[in-house]
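Trainee: I would like to go through this model before I use it. Can we take it feature by feature?

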Amino acid sequence: MTTSFIIAIDGPAAAGKGTLSRLIAAHYGFHHLDTGLTYRAVAKALLDAGLPLDDEAVAERTALDIELAGLDRTVLAQHHIGEAASKIAVMPAVRRALVAAQRKFAAKAPGTVLDGRDIGTVVCPDAPVKLYVTASPDVRARRRYDEIVAGGAPADFDAVFADVKKRDERDMGRADSPLKPADDAHLLDTSEMSIDAAFRAACELIDAALKKD
């Protein structure tokens, strides 16, 4: 039995789930894991070692060795690592290895916040709180565009929008663990909602579940 209170947060790219997850974890004093970074960490390890990205056995071995503590968001956020991660994330053996590691992380006391694409549906289906954070593709593309420009890099909105749509199709259309809300997930549409409003809405749901627990 676990003494951990698990909060599962899913949603598409640039919906705000990462920011929301970090705020929630800090507020409740829970451990946080951005599960997308675990796939990026495997991709980076393969790239650093000069290993192929299309060999499932090699990728699985690498995934089994990944240490989830201290994943560096700044390093792993690089575009070429994200592209490589999307190639290995469709491999069932890699997903199995990382899901096992993510479940182990989720059992940490006193509680955990995991965000990704399949937390409420696959990784932690029994989590007492499940949130599905989304926003319209246009809004998400605008956020991603503004983020890139704020970082000092050039960006083309149409290209960013096309990338967001392509990512959605890949995440929602894959055969293994597609992105979708869990049947009992609470929907948070942040299209016209500030991060503060989303945080308050999430805390109301979490507080109610903690009282029951």
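Predicted model: local features only at pLDDT ≥ 70, side-chain atom pairs only at ≥ 80, totals over all residues.

Trainee: What volume does the largest pocket have, and which element gives the largest share of its lining?

Mentor: The volume of the largest pocket is about 1,500 Å³. Of its 47 lining residues, the closest to the centre are Ala 13, Ala 14, Arg 40, Arg 144 and Arg 167. Elements that give two or more residues include helix 1 (17-28), helix 8 (137-150) and strand 3 (111-116). The largest share, six residues, comes from helix 9.

Trainee: Which residues line the second largest pocket?

Mentor: This pocket has a volume of about 150 Å³. Its lining divides into four nonpolar, no polar and three charged residues. The residues are Glu 67, Leu 68, Ala 69, Ala 101, Lys 104, Phe 105 and Lys 108.

Trainee: At what angle do helix 2 and helix 3 pack?

Mentor: Two packed helices are described by the angle between their axes and the distance between the axes. For helix 2 (residues 35-48) and helix 3 (residues 56-64), the axes are 9 Å apart and the angle is about 115°.

Trainee: Is their crossing left-handed or right-handed, and which residues make the contact?

Mentor: The crossing of helix 2 and helix 3 is right-handed. By class, six residues of the contact are nonpolar, one is polar and none is charged. Helix 2 brings Val 42, Ala 45 and Leu 46, and helix 3 brings Val 58, Ala 59, Thr 62 and Ala 63.

Trainee: Which elements do the buried residues of helix 5 pack against?

Mentor: In helix 5, the buried residues are Ile 81, Gly 82, Ala 84, Ala 85, Ser 86 and Ile 88. Helix 5 also gives two or more residues to the lining of the largest pocket. Its buried residues pack against helix 2, helix 3, helix 4, helix 6 (92-106) and helix 9.

Trainee: Is Thr 190 buried or exposed?

Mentor: Thr 190 lies in the loop between strand 5 (186-189) and helix 10 (195-212). Beyond its neighbours within four places in sequence, its contacts are Ala 15, Val 133, Thr 134, Ala 135, Arg 143 and Ala 198. Buried means under 20% relative accessible area. Thr 190 has 5% relative accessibility, so it counts as buried.

Definitions and conventions:
Residues numbered from 1 in each chain as written. Heavy atoms only, no water. Helix = DSSP H or I, 4+ residues; strand = E, 2+ residues; numbered from the N terminus. Buried < 20%, exposed > 50% of the residue type's maximum accessible area, 1.4 Å probe, protein only. Contact = heavy atoms within 4.5 Å. Axes fitted to C-alpha atoms, helices over the stretch in contact; angles between N-to-C directions. Left-handed = near helix turned anticlockwise from the far one by under 90°. Nonpolar A, V, L, I, M, F, W, Y, C, P; charged D, E, K, R; others polar. 1 Å grid on protein atoms, 1.4 Å probe; cavity = no way out; pocket = protein on both sides within 12 Å on 5 of 7 lines; lining within 4 Å. Points joined across faces, edges and corners; volume = space filled by probe spheres on them.
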